[in-house]
Amino acid sequence: VRLPEFNIDYQIEEKEETKGKIVKEKIIETKFSNSFSSLDLVEEMINSNKVFDGYEIFIDGFNNFTKQQFSILKHMLNQSKNTYMSSICDNSNIKDVGTFSEVYKTILNVKKLALDLNIEIAPHDFVFEKNNLPKDLNYLEENIFSAFKKKFSEKSENIVIYSALDQNEECGFIAGTIKKMVFEEKYKYSDFTVLTRDIAEYSGIIKNVFKNYDIPYFIDSSEPIFYKSVTNAIFSAFDAVKFGYSTAGILNFLKSGLLDISTEEICTIENYVLLWNINGKAWESEFKFNPKGIVESFSEKDILELEKINNIKEKFFIPLKNFKERISNATGKQISKAVYDLLCDIDASLNLKKICKLFFESEDKIAVEKEAKTWDIVVDILSEISEVVGDKKISIESYINIFSGSCSSVGIDL
């Protein structure tokens, strides 16, 4: 498994900040803070730097706008050469109340804004795809959300309603139908899509049922990157050092899997520190207590065991100590680099490859992909935080909140 190299550039030459770069930083910043004040900053920067002067702007994917988004839109319309906006709706009367009423209200508000700014409004176009649906499916599409229900008069040949006792039977019926259509009607497995309102509720059952029916599948869902090896290592490292040296945080750091320390060695350290209640500043000193506990004297075996424990401790404590020093009273860029340096100090990429190799050997290719993709995502997050916060000093707690918020806003798509 080949994992990408860290690509954070901390040797960027100082250049004059252009208006585009300033606004880009502000826009990226909103990804982390997600606060109303951030949109205010974006609006201020767009207005003062005339970012969209002479641009052609295309807007898509908005059914409505918040008050702040609408304020930003005002500046975009004012500054741009032309602005194009597309919406999903039908060709019914705009005043009608129906499925697309919210979209129509948004269109009217945008038109009113343009008129207030003395901006010419071009004629709108409705673009329709040719409808080749069978009669029953076409009727269902047109009437499913209608307030006035009408019975379909013809026989339905493409819609089946199956009443199952539970979710297992439900998924079994779907799998059996797919299998039958593949063998009897020469469909391909790639011709089928199974839709559900809550994929989390069904994914486990679908995996088991489709496996039993020997049906290849892909589940389109996003999994959070928390609790993966690299994120575990970073969060536990922060927990270990942010308030002195926390034993719980250090032990979690060891158990992340990204250190070249065996399970036996982790157990040896854990037993010792719990036996002697090692915490805080006690981690900074060489361990001198007997591994057996309170005894009259050290045997030769005890001395060798204590030496072994101290050697294991050096493997992980020196990188953690360096990490603690680097993030103390530091800037956003320095803390991002400190995280990067910590991962390098513990050979995280090499050890992650070992983890992925174990997954691969157990034929768990999905787990390999998850770990590798999490690595890529974390590298991108560190780069972006470094770019946004830059040389501004930030507390460890604030950095953790930004990093945590960034991790929670993305997922692994497999």
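Okay, let's start at Leu140, which sits in helix 5, residues 135-143. This is a predicted model, by the way, so keep that in mind throughout. Leu140 counts as partly exposed, because its relative accessibility is 38%.

Let me zoom out for a second. The protein chain has 414 residues, and 35% of them are buried. You'll find 15 helices and four strands in it. Its accessible surface is about 27,100 Å², and carbon and sulfur atoms hold 51% of that. Now take the contacts with a separation of 6 or more: 65% of those are between residues 24 or more positions apart.

Next, helix 9, residues 247-254. How many of its eight residues are buried? Six, so helix 9 is largely enclosed by the rest of the structure. The buried ones are Thr247, Gly249, Ile250, Leu251, Phe253 and Leu254. As for what covers them, the list includes helix 8 (229-241), helix 10, helix 11 (300-327) and helix 12 (332-345).

Thr268 belongs to helix 10, residues 263-275. Is Thr268 buried or exposed? Buried, because its relative accessibility is 13%, and the cut-off for buried is under 20%. A polar atom of its side chain lies 2.9 Å from the backbone oxygen of Glu264. Those two residues are four places apart, and here's a handy reminder: an α-helix has 3.6 residues a turn, so residues three or four places apart point the same way. Leaving out residues up to four places away in sequence, Thr268 touches Glu305, Ile309 and Ile312.

On to charges. The count of salt bridges comes to twelve. One of them joins the side chains of Glu397 and Lys242, at 3.9 Å from N to O. That pair links distant parts of the chain: Glu397 is in helix 15 (residues 396-408), Lys242 is in the loop between helix 8 and helix 9, and they're 155 residues apart. Both are partly exposed, Glu397 at 35% relative accessibility and Lys242 at 25%.

Another salt bridge is Arg326 with Asp345, whose closest N and O atoms are 3.2 Å apart. Arg326 is in helix 11 and Asp345 in helix 12, so this pair ties together parts 19 residues apart in sequence. Arg326 is partly exposed at 31%, and Asp345 is partly exposed at 37%.

What about disulfides? The count is zero. Among the cysteines, Cys171 is buried at 2% relative accessibility, while Cys267 is partly exposed at 36%.

Most residues other than glycine have a negative phi. Asn329, though, has a positive phi, near 55 degrees. You'll see Asn329 in the loop between helix 11 and helix 12, and it counts as exposed because its relative accessible area is 58%. Asp347 also has a positive phi, about 55 degrees, without being a glycine. Asp347 is in the loop between helix 12 and helix 13 (348-361), and it is partly exposed at 44% relative accessibility.

That's the tour, thanks everyone.

Conventions:
Residues numbered from 1 in each chain as written. Predicted model: local features only at pLDDT ≥ 70, side-chain atom pairs only at ≥ 80, totals over all residues. Heavy atoms only, no water. Helix = DSSP H or I, 4+ residues; strand = E, 2+ residues; numbered from the N terminus. Buried < 20%, exposed > 50% of the residue type's maximum accessible area, 1.4 Å probe, protein only. Polar contact = N/O pair within 3.5 Å; in protein donor to acceptor, adjacent residues only side chain to side chain. Contact = heavy atoms within 4.5 Å. Disulfide = S-S within 2.5 Å. Areas by Shrake-Rupley, 256 points an atom, 1.4 Å probe, with all protein chains shown as cover. Salt bridge = Lys/Arg side-chain N within 4 Å of Asp/Glu carboxyl O.
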